[in-house]
Amino acid sequence: MLTEEQIQRYSRHIILKEVGGKGQQKLLDGKVLIIGAGGLGAPIALYLAAAGVGTIGIADADEVDITNLQRQVIHFTADVGKPKVESAAEKMRAINPDVTVRTYKEWVSAANIAGIIADYDFIIDGTDNFAAKFLINDACVQGNKPYSHGGILQFVGQTITVLPGQSTCYRCIFPEPPPKDAIPTCSQAGVIGVLPGVIGSIQATEAIKFLLGKGELLAGRILMYDALGMEFRNVAIKRNPNCPICGDNPTITVLRDELDALTVCDLEH
Ligand SMILES: [Zn+2]
């Protein structure tokens, strides 16, 4: 039952026929985990908090650095040196006191990820390295958790939503992480500051649509965005029956850390 204040706060949602009071209640009952409180995590956390997603987890072991501020819009100059999850949680609570924020000041690993994702309805990968991206994919497929993948570098970004057992997973497209140092990092190659805002906002939209049960999710197709050419492309990709994690005979049965990929594509540091 929404309070008078909630009816006002969410009035622009409630007048949408796809949301209504019932949909807003679904958002308030929803639990979304954001892994990474950096460029992608920043807009995701701000929008999900504003939208009234009732429980939001945020995981990141890092502290705010001055080089983050050009794009990680949830962190302010005065937050430099503060744990990112703490800085993000303060802003989310300030936007919307309806939201319960749970912070995890740790990196996800094969040892802890299953426990962290277990209590959430939808997971968002806002991380900056291939090791985390493959681990999140594998843990979500094994744990049957729908999730949104996002990646950014320089002027290009990509995102796909994975419905385990139903739609294409990240490993269906990329069976293994690229070799170490094959792809430059954001600190080496740069990233235009607004890019994570575009990709992260799409990921937040997917989480909201999933909780509402409305619209077409970005599943079975990867969305690629080129900011310089200002082009969006949707590429349909079928689930791969030989996929090592979601295929007919998976070869990955125990979660593992992709140690060789740990330093690759260090997008956000
Ligand atoms: Zn797969």
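1. Some ground rules. This is a predicted model, where local features need pLDDT of at least 70 and side-chain atom pairs count only at pLDDT 80 or more, while totals for chains, interfaces and linings use all residues. Residues are numbered from 1 along each chain as its sequence is written, and side-chain values use heavy atoms, with hydrogens and water left out.

2. Let's start with the metal. Which atoms coordinate the zinc ion? The SG atoms of C169, C172, C243 and C246 do, at 2.3 Å. Donors here are N, O and S atoms within 2.8 Å of the metal (3.2 Å for Na, K and Ca); water is not among the atoms, so sites may look incomplete. The angles among the four donor atoms run from 94 to 119 degrees, and the site is tetrahedral (four donors with all angles between 85 and 135 degrees). For reference, the ideal angle for four tetrahedral donors is 109.5 degrees.

3. Now look along the chain. The zinc donors follow the spacing C-x2-C-x70-C-x2-C. C172 sits in helix α8 (residues 170–173) and C246 in the segment after β8 (231–236), so this pair ties together parts 74 residues apart in sequence. Helices (H or I, at least four residues) and strands (E, at least two) are DSSP runs, numbered from the N terminus. Both C172, at 9% relative accessibility, and C246, at 7%, are buried (under 20% relative accessible area, with a 1.4 Å probe and protein chains only).

4. On to the nonpolar cores, meaning sets of buried Ala, Val, Leu, Ile, Met, Phe, Trp, Tyr and Cys residues joined through side-chain atoms within 4.5 Å. The largest has 37 residues, and V32, L48, I56, I58 and M92 have the most contacts inside it. Among the elements giving it two or more residues are β1 (31–35), α4 (41–51) and α10 (195–212). α10 supplies the largest share, seven residues. A second, separate core of 29 residues includes A59, I113, I123 and Y147.

5. Finally, check T161 in strand β6 (residues 156–162). Is T161 buried or exposed? T161 counts as buried, at 0% relative accessibility. Leaving aside neighbours within four places in sequence, its contacts (heavy atoms within 4.5 Å) include F122, Y147, L217 and E206. The side chains of T161 and E206 also make a polar contact at 2.7 Å.

Key
Four donors count as tetrahedral if all angles lie between 85 and 135 degrees; four count as square planar and six as octahedral if opposite donors are over 155 degrees apart and all others between 65 and 115; anything else is irregular. Buried means under 20% relative accessible area, exposed over 50%, partly exposed in between (1.4 Å probe, protein chains only). A polar contact is a pair of N or O atoms within 3.5 Å; within protein, one must be able to donate a hydrogen and the other to accept it, and residues adjacent in sequence count only if both atoms are side-chain atoms.
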